[in-house]
Amino acid sequence: MNKHIVVFAASVISVAAGSAQAQGSCTPGNCRITVTVTDCQQPGGITVDQEMVVVNSARNMRWEIVTPGYVFPANGIQFSPPHAQFEPRNSPKPNEVHILNRKSQTGDFYYYINVTDSAGNACAQVDPTVRNT
């Protein structure tokens, strides 16, 4: 019976640790969200290292596709609904999107990540969140 309790406790700790990794924080000088493509056409085939990014002051945010062969289209990061506090910046690489989060309003802001493959075909969207505190 003790063996079952230990296995259950280890499972709970593992799930809690996985949940903690899904939420990230943008700190000064470090607001990078990595985007990984495992199956472009399938829902869930694109993932981010931070499903919810917590921002506590104005920040330059950078999304980066780390899987070769994929790029962001012009609407790579698309807030829904659009909000003026998220200002697109010049992105020097096709696999990156840079946005200034002015953090003029607190709350949860939902956005879509749009990715295309090397042939220009659109991938399934991902819809994470930015939380301004």
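This is a predicted model: local features need pLDDT of at least 70, side-chain atom pairs count only at pLDDT 80 or more; totals for chains, interfaces and linings use all residues.
The side chain of Arg131 meets that of Asp108 in a salt bridge, at 2.6 Å from N to O.

Elsewhere, Arg32, Arg62, Glu64, Lys93 and Glu96 are linked up in a salt-bridge network. Within it, Arg62 bridges to Glu64, with the closest N and O atoms 2.8 Å apart. Arg62 has 26% relative accessibility and so counts as partly exposed, whereas Glu64, at 15%, falls under the 20% cut-off and therefore counts as buried. Lys93 and Glu96 make another salt bridge, their closest N and O atoms lying 4.0 Å apart. Here Glu96 is buried, with a relative accessible area of 6%, while Lys93 is partly exposed at 46%.

Two of the network residues also turn up in the strand pairing. Strand β2 (residues 32-37) runs parallel to strand β5 (residues 59-65), and 4 bridges hold the pairing. Arg32 stands opposite Arg62 of β5, and both of these arginines are in the salt-bridge network. Strand β2 also pairs with strand β3 (residues 46-48), this time in the antiparallel sense and over 3 bridges. In that pairing, Val37 has Ile46 of β3 as its bridge partner.

Note on methods: Residues are numbered from 1 along each chain as its sequence is written. Side-chain values use heavy atoms; hydrogens and water are left out. Two strands pair if DSSP finds at least two bridges between them. Buried means under 20% relative accessible area, exposed over 50%, partly exposed in between (1.4 Å probe, protein chains only).
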